[in-house]
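Please look over the sequence and the model below.

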Amino acid sequence: MAGQQQLGFTTPQHPHPLDVFGLDGLYRTTWGGTVLGDSLEVLQSLPDDSVDLVITSPPYALHFKKEYGNADQGEYIDWLLPFAREIRRILSDTGSFVLNIGGAWTPGKPTRSIYTYKLLVALVEDVGLELAQEFFWYNPAKMPVPAEWVTVRRIRVKDSVEFVWWFSKTPFPKASNRNVLRPYSKDMIRLNKKGIRATKRPAGHVINEGFAKINNGGSIPPNVLDEHVPTDLLKFGNNAANDPYTKRCKQAGIKIHPARFPVILPEFFIKMLTDPEDVVIDPFTGSNTTGMVAEALERRWIGIDLDESYLEASKFRFDSVEASPAVPIPSTSNGKPKRQQSKNSIVKQA
Ligand SMILES: C[S@@+](CC[C@H](N)C(=O)[O-])C[C@H]1O[C@@H](n2cnc3c(N)ncnc32)[C@H](O)[C@@H]1O
């Protein structure tokens, strides 16, 4: 298979994921590869119970169109559910599906759309996913929109959070919060050294003397992710204007993806919900933040997007992952990159 000689696992225990799934890729790295095509078709081609984590941020149902196109709020749930059904099917029984989705305003009115809540209910009740936990991504850099209500009439405030829902196939997905512990606060370290007297907090929690002496290696994180969450992958940047991906796109005069999520988002969930060599898929991978993080954490990964220019630019992300450059997979005879065909027409590359 093309590219296999250069990069990728070829042992029976750890085959490269493009090879495992018989997918044509646009480029491959040591641990994964990107696929150009409609992710619904690609997901349909994958076997049941074969994936450990799907983490993604689909196009949102904004009432204005972004450059990569959005379904309207009313149609959005109908559009997304077929993807979610495939995702549930391909997840292993211990697998998870993490979905980042932003809210929206009702067109023309200073009220919030409830499409996200309807979607959440549909994912649980119609698709059959378990809601393991809700998380929130606190992003103070979001624009103060709609301007009419926030900056002109001043009757609403800035919307600064997005939902990150963690779903699973069963009530007990593989998960360990020990993999995402945060450094103890200064107060906690001080208490740890001094010890404290048994006391009862106003909320009724009893803190006994032993509490402060127990060092579990860090504090259990809350379900809010923001730019201040400590990251092991700082060198990859966090969507700042000068992160390596953005810089390289600017230098090359290539379109920068307009809706990237921060490195901490895939980093947190990949660490908490998977082990090295597990398979992680992002069906709307855009600039491939997920693939880059999975690569650095040594998980096998597949990133799918139907926009070739986003995937081309996403190769830059692997400049910063040591020993894992993105290697293009040779194109077809007409010189065009291979676009993944639907289920019945998947042909392995010669
Ligand atoms: C919100 S962006 C994802 C950004 C990504 N999380 C990142 O950090 O760069 C959504 C992506 O979904 C892609 N997309 C939309 N519909 C798709 C489909 N049916 N199949 C594959 N990709 C699709 C768009 O091209 C876009 O890049």
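Helix H8, residues 264-273, is largely enclosed by the rest of the structure, because nine of its ten residues are buried. This is a predicted model, and burial here means that 20 or more other C-beta atoms lie within 10 Å of a residue's own. The buried residues of H8 are Ile264, Leu265, Pro266, Glu267, Phe268, Phe269, Ile270, Met272 and Leu273.

Ten strands make up an open sheet with mixed pairing, and their order is S9-S5-S6-S4-S3-S10-S11-S2-S1-S12. At its edges are strand S9 (224-226) and strand S12 (327-328), each of which pairs on one side only. H8 packs on this sheet, where it touches strand S3 (51-56), strand S4 (91-101), strand S5 (130-138), strand S6 (161-168), S9 and strand S10 (279-282). The direction of H8 makes about 160° with that of S3.

Strand S1 (residues 27-28) and strand S2 (residues 32-36) run antiparallel and are joined by two bridges. In this pair, Tyr27 stands opposite Thr34 of S2.

The ligand has 21 residues around it, of which Arg260, Phe284, Gly286, Ser287 and Thr289 come nearest. Two elements, helix H2 (39-44) and strand S11 (300-305), each give two or more residues to this shell. S11 also belongs to the sheet, where its place in the order is between S10 and S2. Sorted by class, the shell around the ligand holds ten nonpolar, seven polar and four charged residues.

Note on methods: Residues numbered from 1 in each chain as written. Predicted model: local features only at pLDDT ≥ 70, side-chain atom pairs only at ≥ 80, totals over all residues. Buried ≥ 20, exposed ≤ 12 C-beta atoms within 10 Å, placed from the backbone. Helix = DSSP H or I, 4+ residues; strand = E, 2+ residues; numbered from the N terminus. Near = placed C-beta within 6 Å. Nonpolar A, V, L, I, M, F, W, Y, C, P; charged D, E, K, R; others polar. Pairing = 2+ DSSP bridges. Contact = placed C-beta atoms within 7 Å. Axes fitted to C-alpha atoms, helices over the stretch in contact; angles between N-to-C directions.
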